[in-house]
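I opened this entry to keep track of what I looked up, chain by chain. Each note below starts from what I wanted to know.

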Amino acid sequence: MSAQKPAVPGVAPDTQLIARAQRGDEEAFTALFEAHKRRVYSLCLRMTGNVAEAEDLTQEAFLQLFRKISTFRGESAFSTWLHRLAVNVVLMHLRKKGLSQISLDETENSQGDPIKRDYGGDDRRLVGSVDRIALTRAIGELPPGYRSVFILHDVEGYEHNEIAEIMNCSVGNSKSQLHKARLKLREWFQQHQLQPRGKDSTGRTPPEGREEQ
Amino acid sequence: MIEDQHEEKLNPSCREFQASLETYLEGEGGLPAHAGKCPACGALFADLALIRSAAETWPLESPAPRVWSNIRARLETEGFFREKEGFWKRWMAPFRLFPSAAPIGALVFLIVFAIFLFSPGDLYHQSKSGSAPALVATSVAPATLTVVEANLVRTVQEMEKSYKTREAYLDPAAKQTYARGLTSLDSSIRECLASLQAQPQNTLARRYLMQAYSEKADVLASALEYDGR
Amino acid sequence: MSAELSQSSGARKRSVMRGVGMFLLIPAGLLIAATPPQVEKNIETTATPRISISNLSGKVIVKGWDRSQVHVNYTSSSPQVTVDTEEFPPQGPVDKVHFTTYIIDHSTPGEAATVDYTLQIPAGSNLEIRNPQGLVQVESVQGDTSVESLGGNISVADAGGHLAVRSVGGNIEIIRPSGRVEAYSINGSLHFVDPATSRLHGTTTSGNIVYEGDFVPGGDYILSDYSGNMDIVCPPTASFELNAKTVRGKVNNTFPLVSRHSSAPPISSANSLFGTYSTGKATLELTSFSGTIHIRQK
């Protein structure tokens with residue numbers, strides 16, 4: 001997984017808070033929530049694309065965590081434990097909704113429209129940087145299976161072997177889904193963003209003030 | 001399929017490069033010269049790297065305050081929070097001899113409280129033999145609340161505070177039903193208190209009062225847990 | 001000319017036919033598109049499975065039958081509302097079945113998030129239903145049954161096992177139960193008809209209580225309300241020991257009781273009645289804060 005974020009100065013480390021929470025200290029529960037809420041909520045929001053669902057899942061993840069906190073013995077980093085729990089909560093939710101996840105016999109057509117591959121043709125590049133809003137929209141339009149793998153790997157920093165274990169698929173499948181997810185995102189950005197030199201995808205210069213088609 | 005036709009038209013260098021694209025993006029092995037020579041493959045690699053970089057630096061978002069309110073309310077209802085210990089208790093903590101007494105003590109308290117709440121015939125004890133009943137006055141509580149009763153009242157007040165923050169997020173039908181239920185219970189609490197003020201020894205009124213608080217706690221707990229079902 | 005005329009007449013007829021066809025087809029198409037999603041399933045089970053239904057809003061109707069099978073038919077009001085079915089174990093006759101209603105799109109308004117369930121389940125099933133809004137009807141289930149609603153009314157008939165029914169605002173009707181009964185409502189009324197159980201406990205705050213039927217010898221019947229009225233209607237062949245108490249209400253009784261006089265100080269402003277009718281085989285404990293308790297013969 002990606003490196004943990006540095007501790008915020010002035011905030012008690014997790015181990016102290018966990019010990020206090022295990023003794024029923026309400027402030028410790030609050031502090032643990034404050035320290036980890038953004039990461040958990042962002043994961044839930046990115047995987048579901050829906051604010052209300054993300055809030056419910058965040059609640060569920062923290063409730064499960066706090067209910068089990070007495071069993072935490074410090075074998076792994078607390079944030080890793082919490083994060084893994086949150087991922088499981090989200091995936092369980094997506095499975096219950098019947099949204100397609102990775103299947104072992106994944107074909108091109110089973111995850112939405114076929115991906116247009118650039119085989120020695122178009123040399124258009126995406127402009128400058130990809131902004132947060134565009135990224136949110138683009139990921140929101142990914143099929144659920146692609147979205148899950150992309151978020152777990154590129155956003156959350158899980159390795160393919162970890163993703164394979166979480167999503168009950170092969171490492172090869174995880175890699176393949178990630179690649180397809182990135183190609184789909186590229187296709188989306190090409191359809192929705194300016195080309196180099198300020199021209200839109202039709203090659204025309206758009207009216208002043210318009211940035212996207 | 002169209003992709004198959006494209007793939008057939010692909011030159012071997014491009015095909016080889018794109019087959020290993022994932023590896024180059026992961027930073028395993030150096031980027032081959034083909035990326036610099038082929039505009040399409042170069043653009044593809046640059047774009048995917050850009051997307052990956054954007055994903056890695058995607059800023060985090062915070063949930064609405066109600067998320068913690070709901071979590072806190074659930075934890076409180078489930079008894080996760082302990083009262084803050086005073087200086088003396090904290091100091092004495094290492095000397096506690098019977099740590100396991102706490103759950104037993106809680107159980108005894110609950111049994112006593114339950115007996116107090118639900119025992120029939122507060123003032124009258126009826127003989128089963130069929131003869132005239134021997135009247136055995138139960139312990140009549142004083143006009144002021146007992147410790148047990150005061151704890152229940154305080155718990156209900158805390159739950160009501162949590163409910164106030166949650167109330168706005170209930171669907172209208174649920175909100176209306178809970179509001180009506182709580183109004184009825186509040187009305188019965190007021191009447192019971194008025195009866196007890198006029199007749200402090202009225203154990204039936206006291207029983208109704210505690211029953212109303214207990215039911216109010218149940219309704220508030222239900223409202224705090226309500227998620228649509 | 002006549003050929004032209006007949007051609008144009010034929011063309012007109014065809015266009016009229018097309019118009020009629022469209023007139024019929026379009027509404028039919030719309031009707032099919034608008035028909036809410038409906039699902040029907042049969043699940044093979046053991047003779048005494050555990051069935052649970054967790055709904056959001058809508059009708060839930062359950063009947064016991066003599067087959068080891070659950071037949072379920074559910075209709076959702078919107079494609080944004082779905083039902084998840086979990087069966088355990090995955091293979092062989094199922095021992096547990098859970099039906100859970102989910103909203104896929106949380107922007108769906110509450111009144112649109114409705115699923116109506118109709119089930120036939122093995123009579124020996126244990127049943128658990130949570131249905132905040134909407135009617136619940138259960139019939140002929142012999143296992144333990146638990147029903148919870150928020151505002152919906154609940155009706156249970158011919159239940160055999162332990163029956164626990166709770167509602168905040170819904171009315172509760174229980175007909176011919178033979179197992180232990182607990183019924184609670186805050187604002188709803190309770191109605192018991194011909195109970196064949198020896199343990200019955202009913203409580204409501206602002207609703208009324210009506211009990212129609214006899215009492216089982218040795219049975220305990222505890223009914224309590226706050227401000228509503230209580231009406232006990234039983235046959236002249238009943239036999240009970242009565243403890244009826246109110247704080248501000250009244251007790252009206254038409255049964256000839258053997259009154260029991262107490263020498264203890266009376267509860268001031270209370271109206272109470274203690275006595276035995278016939279041989280006092282069952283125990284009735286009736287309490288009301290400010291309502292009127294009626295005990296009368298059928």
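What share of the contacts in chain C with a separation of 6 or more is between residues 24 or more positions apart? I found 48%. I note here that the model is predicted.

**Chain C, overall.** I looked up the secondary structure and found one helix and 24 strands in chain C. I then checked burial: of the 298 residues in chain C, 40% are buried.

**Chain C, strand β13.** Four of its five residues are buried, so I put the strand down as mostly covered, a residue being buried if 20 or more other C-beta atoms lie within 10 Å of its own. I next looked for the strands it pairs with. One is β11(C), residues 163-167, which pairs with β13(C) in the parallel sense over five bridges. Another is β15(C), residues 199-204, where the pairing with β13(C) is also parallel and also has five bridges. I followed one residue through these pairings: C:Ser185 of β13(C) is the bridge partner of C:Ser167, and C:Thr204 in β15(C) is the bridge partner of C:Ser185.

**Chain C against chain A.** I looked up the contact between these chains and found four residues of chain C touching five residues of chain A. On the chain C side, the residues are two nonpolar, one polar and one charged.

**Chain A, helix α1.** I asked which residues of α1(A), residues 14-22, are buried, and noted A:Asp14, A:Leu17 and A:Ala21. They lie on the same side of the helix, because the arc they cover around the axis is only 65°. I then checked what the buried residues pack against, and found α2 (26-48) and α4 (78-96) of chain A. Just after the helix, I noted a positive phi of about 90° at A:Gly24.

**Chain A against chain B.** I looked at α8(A), residues 171-192, and α5(B), residues 39-56, whose axes come within 10 Å and cross at roughly 100°. I recorded the two helices as roughly perpendicular because of that angle. From α8(A), the contact uses A:Arg182, A:Leu185 and A:Arg186, and from α5(B), B:Asp47, B:Leu48 and B:Ile51. By class, I have three nonpolar, no polar and three charged residues in this contact.

How values were computed
Residues are numbered from 1 along each chain as its sequence is written. Chains are lettered from A and ligands numbered from 1 in the order in which they are written. This is a predicted model: local features need pLDDT of at least 70, side-chain atom pairs count only at pLDDT 80 or more; totals for chains, interfaces and linings use all residues. Two residues are in contact if their C-beta atoms, placed from the backbone, lie within 7 Å. Ala, Val, Leu, Ile, Met, Phe, Trp, Tyr, Cys and Pro count as nonpolar, Asp, Glu, Lys and Arg as charged, and the others, Gly among them, as polar. A residue is buried if 20 or more other C-beta atoms lie within 10 Å of its own, exposed if 12 or fewer, and partly exposed in between; C-beta atoms are placed from the backbone. Two strands pair if DSSP finds at least two bridges between them. The arc is that of the directions from the helix axis to the C-beta atoms. Axes are lines fitted to C-alpha atoms, for helices over the stretch in contact, and angles run from 0 to 180 degrees between N-to-C directions. Angles under 35 degrees count as roughly parallel, over 145 as roughly antiparallel, 65 to 115 as roughly perpendicular and the rest as oblique.
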